[in-house]
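The following report describes selected features of one protein structure. Please consult the sequence and the model alongside the text.

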Amino acid sequence: MGVGHEGAEPEARRNEFRRIVDPRKTLARAAAYGIRFLRATGFATLTGDPVSGVVLPDGTELTADLVVTCAGEAPCVDWLAGTGLADRLGVGIDDACATTVPGVFAAGDVTYLRGDGARPDRRAPFWSNAVAQGRTAAASALGLPPPGPAQDDYFWTEVAGLTVKIVGRLPLLGEPTTVQGSVADGRALLTWSHADGTSTAVAYGRRKPAAALRALAATPLPPSPDGGEMSVAT
């Protein structure tokens, strides 16, 4: 059973995943696996010691053998107040993982990549980015050249047997190019190309190795036709 909290997430972000995965099909697939989704209007409370369930805001109590919680992606930066390191997006860094405070470097989910004239500020709290940024931040602190890019935009998820893997930056603009298969058939390999020449590759319902998706994302393609903004919720 899945319990979700409906918060103040912007509508644009809530619609991101729907461009690839139709929620109705996802719910139907989950139901076939015996998974039931409940949407709460507030926060659930853990019960038991050890934890054996949750209590919803309306008083409904659910028990389970295993309870898994998912935290939001808003960075906790209150403890950095007054340092000049953080703002509402988190701790801003550049491609060397340097913050706005000289000699201070940062990596991980608390950070966001500061924008410039060619790109906006953006957060990408993926574990692959945290690893890449950690290496870059360490090298920068030691005065060494970075061992590789500070950004490695890769993540995957699986719901009731449906896998989705994405390599490349977000958000995605316009319609994708279908490389193989089709979303309607539940198995597709898609690419989105960006105005700066980079691409994002998406494996929908296909168990494609990350290395193969990285190679596909590195293939130059013309920009996708502008069909509106799309990105993916994690």
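Helices (H or I, at least four residues) and strands (E, at least two) are here DSSP runs, numbered from the N terminus. The structure is a predicted model, in which local features need pLDDT of at least 70 and side-chain atom pairs count only at pLDDT 80 or more, whereas totals for chains, interfaces and linings use all residues. Residues are numbered from 1 along each chain as its sequence is written, and side-chain values use heavy atoms, with hydrogens and water left out.

**An exposed loop residue**

Ala74 belongs to the loop that connects β5 with β6 (86–87). Relative accessible area is classed as buried under 20%, exposed over 50% and partly exposed in between (1.4 Å probe, protein chains only). Ala74 is exposed because its relative accessible area is 69%. Between Ala74 and Pro125 there are 9.5 Å in space, C-alpha to C-alpha, although the two are 51 residues apart in sequence.

**The open sheet**

An open sheet is built from three strands in the order β3-β4-β5, with antiparallel pairing; two strands pair if DSSP finds at least two bridges between them. Its edge strands, β3 (45–47) and β5 (61–63), each pair on one side only. On average, neighbouring strands of this sheet are turned by 25° against each other, direction ignored. For this angle, axes are lines fitted to C-alpha atoms, for helices over the stretch in contact, and angles run from 0 to 180 degrees between N-to-C directions. The antiparallel strands β3 and β4 (residues 53–55) are joined by three bridges. Thr47 has Gly53 in β4 as its bridge partner.

**The buried side of helix α4**

Which residues of helix α4 are buried? In this helix, spanning residues 210–217, they are Ala210, Leu213, Leu216 and Ala217. These residues lie on the same side of α4 because they cover an arc of only 120° around the axis, the arc being that of the directions from the helix axis to the C-beta atoms. In general, an α-helix has 3.6 residues a turn, so residues three or four places apart point the same way. The buried residues of α4 pack against several strands, namely β9 (154–159), β10 (162–167), β12 (177–182), β13 (187–193) and β14 (199–204); contact means heavy atoms within 4.5 Å.

**Salt bridges**

The structure contains four salt bridges, each defined as a side-chain nitrogen of Lys or Arg within 4 Å of a carboxyl oxygen of Asp or Glu. Among them are the pairs tabulated here.

| Asp94 | Arg114 | 4.0 Å |

Asp94 forms its salt bridge with Arg114. Asp94 is in the loop between β7 (90–93) and β8 (111–113), and Arg114 in the loop between β8 and α3 (127–141), so this pair ties together parts that are 20 residues apart in sequence. Asp94 is partly exposed at 26% relative accessibility, and Arg114 is partly exposed at 23%.

Asp153 sits in the loop between α3 and β9 and Arg122 in the loop between β8 and α3, so parts 31 residues apart in sequence are tied together by the pair. Asp153 is buried, with a relative accessible area of 9%, and Arg122 is buried at 17%.

Arg214 is partly exposed at 34% relative accessible area, and Asp152 is partly exposed at 23%.
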